[in-house]
Amino acid sequence: MAPPAHLKYDRSATVDGTRAFAPCYLQPHVQAPADRIFGNASGAAGLLPALFQGEVLISMRSLFSLQSAPLLGLDISASSAKLVELGHRKEGQLSLERCARESMEPGAITGGVIEKFDAVAATVRRLVKASGTRVRQVAMALPASAVVTKRIVLPGGLSERQLEAQVQAQASQYIPFSLDEVCLDFCVIGPSPTSRGDIDLLIAASRRERVQDLQGLAEAAGLKPLILDVESYASRLAASRLIEALPAKGVDLVVALLEVGALNTGLQVIRNAELLYEREQAFGGEKLTQAIGLQYGLSLEEAERGKRDGALPGDYEALVLRPFVEALVQDMVRTLQFFFTNTPYNKVDLILLAGGSAVIPGLGRALGQAMSTNCSLANPFDGMELGPAVRLQRIAREAPSYLRACGLALRRFAT
């Protein structure tokens, strides 16, 4: 099935004067009506975040000055699907209205690719039902590895149609697939800093089947896919809200965002809303589950349940947990060393730990000691009011795992 023809990038959306760009259903050869290119989560097609690195994303001031239609953030990974619904109170404060999580069938998603569509769709349907939400518009995300981007320079003063023609003419030079196989679009970044009178423009493309898979999943659950983001950018938006809550709004702080998932650990280093460095390592919490199963003769399901509920033998900490934490910290330190080696920076001021495995006991303390810096769990709901459907105990335990879903839900307030 082809994505709806009206869904395109918002090529010039701004937030309090700060340019914000919006990935959505990237279409080759579709001219959207002029009144549908610009818009927000209220139902118009223009969509919101950023699809490029090293640029300002969104001013957090905007999150408290806009009111738009409800939007769900839906984060789908190899281990689980998570949903977040945010609200906006009259006094300007954000509120968490709903959050829910459903485990994913093992092998249903491999390397970010959906292998068992029906199983993933069933998980999303259960998730939506369990959440109790009535909202149907949804923001979703593709892995960064599934999106190809290229920054190019074009003459200034071109019309929208002329820009599209130039993109079509040049895209084949940069996209490693046939244009018939991809969803393609672009956004204007702004005046070129290297070529006077020209503009910098970002071409973005994803394989058509990757886009259609996410659209199909949403529709199978009775949802209307409105925004298609990139996973790392959604996480960064949620983290930037936390950084702006730091003293002096976190200005000039070098912050390392480490997302520890089941299979991978992703690093993004941010300073003043600029992405300085990004890297992903194939090392995550599932290795701890495997080590528990091997040590105590348990299935992966039993080991995961024991890890989550704390129902493991008394020697678990010494024999399994501590060696795992040491190995994970060593891996994280090596990843940060790559950052120091490849940039002018030699330290980070703060480490934010997120992802489902961020709450592994002792991980934050051990990493902070190894890096000689502050290390905190990233609670994306910090400073939000909690709606009546939200269970405080769940939030206290699982908040870091909702960072990406929260970032997607925040797109409601970014136009």
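Contact here means heavy atoms within 4.5 Å. With that in hand, hello everyone, and let's begin with the whole chain. Among contacts with a separation of 6 or more, 68% join residues 24 or more positions apart.

A word on where this comes from. This is a predicted model, in which local features need pLDDT of at least 70 and side-chain atom pairs count only at pLDDT 80 or more, while totals for chains, interfaces and linings use all residues. Residues are numbered from 1 along each chain as its sequence is written, and side-chain values use heavy atoms, with hydrogens and water left out.

The chain has 11 helices and 18 strands. Those names come from DSSP runs, numbered from the N terminus: helices are H or I with at least four residues, strands are E with at least two. Of the 415 residues, 53% are buried. Buried means under 20% relative accessible area, exposed means over 50%, and partly exposed is in between, using a 1.4 Å probe and protein chains only. The chain exposes about 17700 Å², and carbon and sulfur atoms supply 50% of that. Accessible areas come from the Shrake-Rupley method with a 1.4 Å probe, and for residues only the protein chains shown count as cover.

Now, the inside. In soluble globular proteins, nonpolar side chains tend to be buried together. A nonpolar core, for us, is a set of buried Ala, Val, Leu, Ile, Met, Phe, Trp, Tyr and Cys residues joined through side-chain atoms within 4.5 Å. Which residues touch the most other members of the largest core? They are Leu74, Ile76, Val120 and Leu223, in a core of 32 residues. Two or more residues each come from strand E3 (72-76), strand E4 (80-88), helix H2 (117-131), strand E8 (137-142), helix H4 (208-220) and strand E12 (224-230). H2 gives the largest share, six residues. Find leucine 223 on your screen: leaving aside neighbours within four places in sequence, leucine 223 is in contact with Leu72, Leu74, Val128, Val135, Arg136, Val138 and Ala218. Apart from this core lies another, of 31 residues, including Leu258, Tyr316, Leu363 and Met371.

Let's stay with H2. The buried residues of H2 are Ala119, Val120, Ala121, Thr123, Val124, Leu127, Val128 and Ser131. They pack against E3, E4, strand E5 (94-103), strand E6 (109-110), strand E7 (113-114) and H4. The expected span of a helix is 1.5 Å times one less than its number of residues. For the 15 residues of H2 that gives 21 Å, and the end C-alpha atoms are 21 Å apart, which agrees. Just after H2, glycine 132 takes a positive phi of about 75°.

On to the sheets. Strands of a sheet pair through backbone hydrogen bonds, either parallel or antiparallel. Here, two strands pair if DSSP finds at least two bridges between them.

E13 and strand E16 (residues 350-354) pair in the parallel sense over five bridges; alanine 256 has isoleucine 351 in E16 as its bridge partner.

Another open sheet has three strands in the order E9-E11-E10, with antiparallel pairing. Its edge strands, E9 (147-155) and E10 (182-191), each pair on one side only. E10 and strand E11 (residues 198-207) are joined by nine bridges, and valine 182 has arginine 207 in E11 as its partner. Helix H3 (residues 160-174) packs on the sheet and touches E9, E10 and E11. H4 packs there too, touching E10 and E11, with its direction at about 70° to that of E11.

Last stop: alanine 248. Is alanine 248 buried or exposed? Alanine 248 counts as exposed because its relative accessibility is 64%. Alanine 248 sits in the loop between helix H5 (231-244) and strand E13 (254-260), and has a positive phi of about 55° although it is not a glycine.

Key. Axes are lines fitted to C-alpha atoms, for helices over the stretch in contact, and angles run from 0 to 180 degrees between N-to-C directions.
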